[in-house]
Protein chains: 2
Amino acid sequence: MLVEDQAMVRGAMATLLSLEDDIEVVADLGSGEHAVAEARRVQPDVALLDIELPGISGIEVAAALTTAAPSCRVMIVTTFGRPGYLQRALDAGASGFLLKDAPVEELAVAIRRVHAGERVVDPELALSALQEGHDPLTTREHEVLQAARDHDSVAELARRLHLSEGTVRNHLSAVIQKLGARNRGEAVAIAEQRGWL
Amino acid sequence: MLVEDQAMVRGAMATLLSLEDDIEVVADLGSGEHAVAEARRVQPDVALLDIELPGISGIEVAAALTTAAPSCRVMIVTTFGRPGYLQRALDAGASGFLLKDAPVEELAVAIRRVHAGERVVDPELALSALQEGHDPLTTREHEVLQAARDHDSVAELARRLHLSEGTVRNHLSAVIQKLGARNRGEAVAIAEQRGWL
DNA sequence: ATCTGGCGATGACAGTTGTCATGCCCGCCA
DNA sequence: TGGCGGGCATGACAACTGTCATCGCCAGAT
């Protein structure tokens, strides 16, 4: 099963994989919601999931599949090698993590290995995931930083989160410290770049 | 000729296109610099260019091809339907503009039409490009906004651009007004989203 | 029983940001 | 020749932002 929002990429990968004798694309979907529903029906052997999807993310799909299609092995195929993504993907039960930067030839190989029960993870990425350490933000700090993404003022953030302005500022200040940023915008950028948002 | 930085997508598209009887992939590259050099040697009939590339952008490649491979028709194939991208692509001499959201089947069709001398542009995108109007920023405002992307303070921007702090603030203020933003960060986001950066 | 850490809040402070009025210099165009 | 717009600058002002000290509450760990 193939889940990828860009129709053209999805189509190209689908026909590519169909050329392999031992691989059949039983479903290809463009949204996470559809993917979970379809997986429940089809019960595929392997699911290839992009992370950035409209609606629910590939990570969330992976988590949902553990109950919706328990025998289905999950491999994440994504654009960005964000360390936090790898971490969360593995936590969500993924067996493989492949970058779209990798040559196509690796795709079929990786699928077979994942299907056989192996774990397939870019070793370089695994290393940098370890080096980055893990997300140092508390849940509240997360929420505040999330909300800060759309460039609202402190006052608006406070309103949206039902907090005092001072509290919002305190949380943001803490986040900026923890991430070593110089201001709010940079903090958002750093967190995004590490896959913590 | 196929230019796309994500190796896996590039590979998938290459084999896909190779399946067509009347299409041959004479070169596939992952960077704009290599693409221009290769095009000069190979002189392909059609070039498919992604916009977001490491180093020089697909738009710049398109412009370079008008002299490096004058007989080559250019089609942009990109993820984002930013109105400004379309505008600039056409200005740079592109004959086609296709989104990766489009179904694969359209790809070969579009290539043939572009090769035949037609223009191929998503009509919906063309419309929204007209509605957005064009980039209202002066060159200087552009530069300042560009520099502001990496979350520097006004003082640092001023240093980098060899301007007074007040001048930088004035330019930023003007940009914020023109784009209808509420602050610097939002201004950057709006400009990026419209393809003006 | 105490300590720790997350969460919320306040008040104060310095620093940064966005705005505005105003001025000067240039090049372009009518 | 004058007018207009872009670019650069200054100074002033209000608003916003980031930091810090300090407080209270609560839950989980030692």
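Reader: Okay, chain A to begin with: in what order do the strands of the open sheet come, and is the pairing parallel or antiparallel?
Author: Keep in mind that this is a predicted model. In chain A the order is S2-S1-S3-S4-S5-S6, 6 strands in an open sheet with parallel pairing.
Reader: Which strands stand at the edges there?
Author: Strand S2 (28–29) and strand S6 (120–121) of chain A. Each has a single partner strand, so one side of each has no neighbour in the sheet.
Reader: And how many bridges join S4 to S5 in chain A?
Author: There are 4 bridges between S4 (residues 73–78) and S5 (residues 96–99) of chain A, and the two run parallel. In that pair, Ile76(A) sits opposite Phe97(A) of S5(A).
Reader: What about helix H3 of chain A, which strands does that lie across?
Author: H3 (residues 58–68) of chain A lies across S3 (46–49) and S4 of chain A, at about 160° to S3(A).
Reader: Switching to chain B. What's the strand order in its open sheet?
Author: S2-S1-S3-S4-S5-S6, with 6 strands and parallel pairing. The edge strands of chain B are S2 (28–29) and S6 (120–121), and each pairs on one side only.
Reader: Which residue does Ala47(B) stand opposite?
Author: Val74(B), which is in S4(B). S3 (residues 46–49) and S4 (residues 73–78) of chain B pair in the parallel sense over 4 bridges.
Reader: Which strands does helix H4 of chain B touch?
Author: H4 (residues 83–91) of chain B packs on the sheet and touches S4, S5 (96–99) and S6 of chain B. The direction of H4 makes about 150° with that of S5(B).
Reader: And where does H5 of chain B lie?
Author: Across S3, S4, S5 and S6 of chain B; H5 covers residues 105–115 and runs at about 155° to S4(B).

Note on methods: Residues are numbered from 1 along each chain as its sequence is written. Chains are lettered from A and ligands numbered from 1 in the order in which they are written. This is a predicted model: local features need pLDDT of at least 70, side-chain atom pairs count only at pLDDT 80 or more; totals for chains, interfaces and linings use all residues. Side-chain values use heavy atoms; hydrogens and water are left out. Two strands pair if DSSP finds at least two bridges between them. Contact means heavy atoms within 4.5 Å. Axes are lines fitted to C-alpha atoms, for helices over the stretch in contact, and angles run from 0 to 180 degrees between N-to-C directions.
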